[in-house]
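Here is a note for a colleague who is opening this structure for the first time. The points go from the overall fold to single residues, and each may be checked against the view below.

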Amino acid sequence: MKALVLTGTKQMEIQDLKKPEVNANEVLVNTAYAGICGTDRALYAGLPGSANAVPPIVLGHENSGIVAAIGSDVTNVKVGDRVTVDPNIYCGQCKYCRTDRPELCDNLSAVGVTRDGGLEESFTAPSSVVYPIPESVSLKDAATTEPLSCAVHGMSLIDVKPYQKALVIGDGFMGQLFVQLLQAYGVHQVDFAGIIDEKLAFNKENFGVTNTYNTKRDSIPADYDVVIEAVGLPQTQEQAVSATKKGAQVLMFGVGKPDQTFSMNTYEVYQKQLKIQGAFINPYAFEDAIALLASGEVDVDALISHEVSLEQVEDVLNGKIKGVSKAVVKVGNN
C-alpha cells in the first residue's frame, strides 16, 4: 500500500508498505481523508506533539475512513462502517488515568505520532478510539473531528455563560472553530482578533462575530469575560491576559515552542481574580464533536481551504503551498 513516511527531520518519502494486520482489539481503517495541522508541522520539524514522533513513522492523526477489518474482540464497529479515529490512546494504569485525567497520561501513545497514522492507505487503531459517524457527516468533514474535539475539551475547562462577552485571538483554523463553538455553547457576543482582514470579515459575515480587531494595528479593550488564545505566540498570549475584565477566564489553547515564555502583570492576575487555563488534547470529547458536526452547529467545510494528495503534503508542511488555513489530504477513493 502507498504511504507517506517521515524518514527524518524535514524528510518525507512515498513508500510501498505492507498493509497492517489487526490484533484482537484493533480495527483496520481504509483511509479516506487525513487532516494536516500545526502538530504535523512541528513533528515534521523534529519538535514534539502530544508525544515524540520517532522516524520512520507515518504521520496523520486527524483521520476518517471505512472499516476494512476488525479483530476478534471488536464489537463497537463492523466492516463497512464510516468512521473517524481519536488518535490518543491512554494506558489506563498511571496515576493520571486512574484519577480521571487521562489526557495527562504518563504513557500516552497516539495514532499518527507514536504509531503509524492516516497518511497511508490503511492503518490500524484500537477499537476503543474508533467512532462511527452518521451519514449526515461527510468523510471529508469527519477528518476534522480530532481538532474540533480538542476545542471541545478546551471549552469543558472553562465556565461559559450566555451573558458573557468572549474574544478569540487567532484567525487560523482553531480560532475560527472557537468562534463557532462559543456561540454553540450560548455565549451572546463573540469578538474576533487576528492578522488577516479577509478572515476577520468572513467570520463576521458568516459566523456571527460582533467586533473584529486586526492585532497588527488595532488595540483590544480590556472588556472580556472569556478570552481564548489560539495562536501560541508570546505577544498574543500577553494580549489575551490584557484583554480581560475582572473575574475573567483565559484559555491558553495555542501551542508555543517548548522553551517559550511570556510576561504578565501578576498584580493584574491577583486584582482581577483571573483564571488562566491550559488545554491539552481531547479526552472524552469525540462524541460531542461528532454531534456538533452532525447538527450543523459547527461548519468545518467552510474553513477547509485546500484538498491535497499525499504527494503534496510535504509542500504544505514546508510552506511551499501558500495560504493554507486548513488542508485535508485525500488518501483513498471513498
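Predicted model: local features only at pLDDT ≥ 70, side-chain atom pairs only at ≥ 80, totals over all residues.

1. Taken along the principal axes, the box that the C-alpha atoms fill is roughly 60 × 45 × 40 Å.

2. Of the 334 residues in the protein, 52% are buried. Among contacts with a separation of 6 or more, 68% are between residues 24 or more positions apart.

3. As for the surface, the accessible area comes to about 14,700 Å², and carbon and sulfur atoms account for 47% of this area. The side chains include 27 positive and 40 negative ones, and the centres of these two sets lie 4 Å apart.

4. Which residues touch the most other members of the largest nonpolar core? This core has 46 residues, and those with the most such partners are Leu-148, Met-155, Leu-177, Phe-178, Leu-181, Leu-182 and Ile-228. At least two residues of the core are supplied by each of several elements, including strand S3 (26-36), helix H3 (145-156), helix H4 (173-184), strand S13 (224-229) and helix H8 (286-295). The largest share, seven residues, comes from H4.

5. Setting aside residues up to four places away in sequence, Phe-178 touches Ala-151, Met-155, Val-168, Ile-228, Leu-251 and Phe-253. There is also a second, separate core of 25 residues, with Ala-110, Leu-310, Ala-327 and Val-331 among them.

6. Gly-232 is in the loop between S13 and helix H6 (234-242). Is this glycine buried or exposed? Because buried means under 20% relative accessible area, Gly-232 counts as buried at 2% relative accessibility. When neighbours within four places in sequence are left aside, the contacts of Gly-232 are with Gln-237, Gly-254, Val-255, Gly-256 and Gln-260. Gly-232 and Ser-305 are 73 residues apart along the chain, and their C-alpha atoms are separated by 21 Å.

7. The backbone also deserves a look at Pro-55 and Pro-56, where the peptide bond from the former to the latter is cis, with omega near -5°. Pro-56 is placed in the loop between helix H1 (38-44) and strand S4 (62-70).

8. Phi of Ile-281 is near 45°, which is a positive value in a residue other than glycine, and Tyr-284, although not a glycine, has a positive phi of about 55°. How do these residues stand in accessibility, buried or exposed? Ile-281 counts as buried because its relative accessibility is 11%, whereas Tyr-284, at 62% relative accessibility, counts as exposed.

Conventions
Residues numbered from 1 in each chain as written. Heavy atoms only, no water. Buried < 20%, exposed > 50% of the residue type's maximum accessible area, 1.4 Å probe, protein only. Contact = heavy atoms within 4.5 Å. Areas by Shrake-Rupley, 256 points an atom, 1.4 Å probe, with all protein chains shown as cover. Lys, Arg positive; Asp, Glu negative; His and termini not counted. Charge placed at Lys NZ, Arg CZ, Asp CG, Glu CD. Core = buried A, V, L, I, M, F, W, Y, C linked by side-chain atoms within 4.5 Å. Helix = DSSP H or I, 4+ residues; strand = E, 2+ residues; numbered from the N terminus.
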